[in-house]
Amino acid sequence: MDFPKLPPHSGSVLSVVDMHTGGEPLRIILSGYPEVKGDTILAKRRYVREHLDHLRKVLMFEPRGHYDMYGALLVRSELAEADLGVLFMHNEGYSTMCGHAVIALGRFAVDYGLIKAPTSPETQINIHCPCGLVKAFTQYSDGKTGAVRFLSVPAFAFATDVSVSVPGYGSITVDISYGGALYAFVSAEKFGLDVSKSKTRDLVDAATAVSDAVKSQVKLYHPVSEDLAFLYGTILTDGKDAYSEEPTANVCVFADAQVDRSPTGSGVTARIALQYHKGLIGLNQTRSFQSGATGSVFTGTAKEETMCGDFRAVVVEVKGHAHYSGVASFTQESDDPLSGGFLLR
């Protein structure tokens, strides 16, 4: 049986490649978006938020997506050294950094010919994210791509041992760290929870309560841009922050109570920076981070010291695997009242 042609539709066709990294989805948008205007990557991020947000909802929300869908829109970068620019999207809006997406895009860029002359054993791909330039390195041999590692933007501990009042839980001490986005970190044990065994809903409720408390009680800033000065989410950990050859598990709840299925690439970056700041890990010590949701693993390594404004920072390398799950062309019918997307909670 031949596959049918596209069904009746109105408007543009949105073509995508779907991947996942450690279980966390990534919908890479190939075509169907109008021109994204803006002289810089951050200006483009503002433009899609203000003018093209309906398309985010079409692709991320049901019936084409789901509450925890994640997307990547390729755009032109203003940086000469960048091979591609990217904007990240989720159920609430647009992130500034996404490690699981960078890992997936590392494979995608090679497999789909964005890199004209891939090299073995690794091919470098410079990806311009809203937080800055990220250097990815994709394993490449005999025409096949494999694991991807990336060097992120400078990561730093923003504040440690911050006490916030969390409704329903009382005073909770958290750490705040930056890995391309700002996260609050707290041990799940403080809520009587286990990141690998507790119900996802209970973990989401605790993490969301922490995020709300930090957003309302802690003044956040970033030395490079105010566009980066927001709390992206809360990462609940197993409390095993001191270096060990055994994996340490965590669960990230970001955006609007969205649950990361992977160990969270930017979260691993921020967590390594936090551990380094506390003297719990040294340069070139590789740590394994496990997703409490799926058991998938990323590794993280502090490679060198640097500065980010007045913050002592580190450049962190994160490594993981991404896999393809399909391709699709999405359409809309003019008489479909749910065509624009919807979410159920």
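Predicted model: local features only at pLDDT ≥ 70, side-chain atom pairs only at ≥ 80, totals over all residues.
**Exercise 1. Which residue does the side chain of Arg56 meet in a salt bridge?**

Residues are numbered from 1 along each chain as its sequence is written, and side-chain values use heavy atoms, with hydrogens and water left out.

*Solution.* Step one is the criterion: a salt bridge is a side-chain nitrogen of Lys or Arg within 4 Å of a carboxyl oxygen of Asp or Glu. Under it, the side chain of Arg56 meets that of Asp53, at 2.7 Å from N to O. Step two places the pair: both residues lie in helix H2 (residues 53–60), three residues apart, about one turn of the helix, where helices (H or I, at least four residues) and strands (E, at least two) are DSSP runs numbered from the N terminus. Step three asks about burial, which means under 20% relative accessible area, with exposed over 50% and partly exposed in between (1.4 Å probe, protein chains only). Arg56 is buried because its relative accessible area is 3%, and Asp53 counts as buried because its relative accessibility is 17%.

**Exercise 2. Find the salt-bridge partner of Arg149 and say where the two residues lie.**

*Solution.* The partner is Glu317, with the closest N and O atoms 2.8 Å apart. This pair links distant parts of the chain, since Arg149 belongs to strand S7 (residues 144–151) and Glu317 to strand S16 (residues 311–320), 168 residues apart. Glu317, at a relative accessible area of 14%, is therefore buried. Widening the view, Glu122, Arg149 and Glu317 are linked in a network of salt bridges, and the count by this rule comes to 13 salt bridges.

**Exercise 3. Describe the surroundings of His222.**

*Solution.* Begin with its position, which is the loop between helix H4 (200–217) and strand S11 (231–237). His222 counts as buried because its relative accessibility is 6%. Next, list its contacts (heavy atoms within 4.5 Å): leaving aside neighbours within four places in sequence, His222 touches Phe156, Tyr178, Leu228, Ala229 and Cys308. Finally, consider polar contacts, defined as pairs of N or O atoms within 3.5 Å; within protein, one must be able to donate a hydrogen and the other to accept it, and residues adjacent in sequence count only if both atoms are side-chain atoms. The side chain of His222 makes such a contact with the side chain of Tyr178 (3.5 Å), and a polar atom of the His222 side chain lies 3.0 Å from the backbone nitrogen of Val224.
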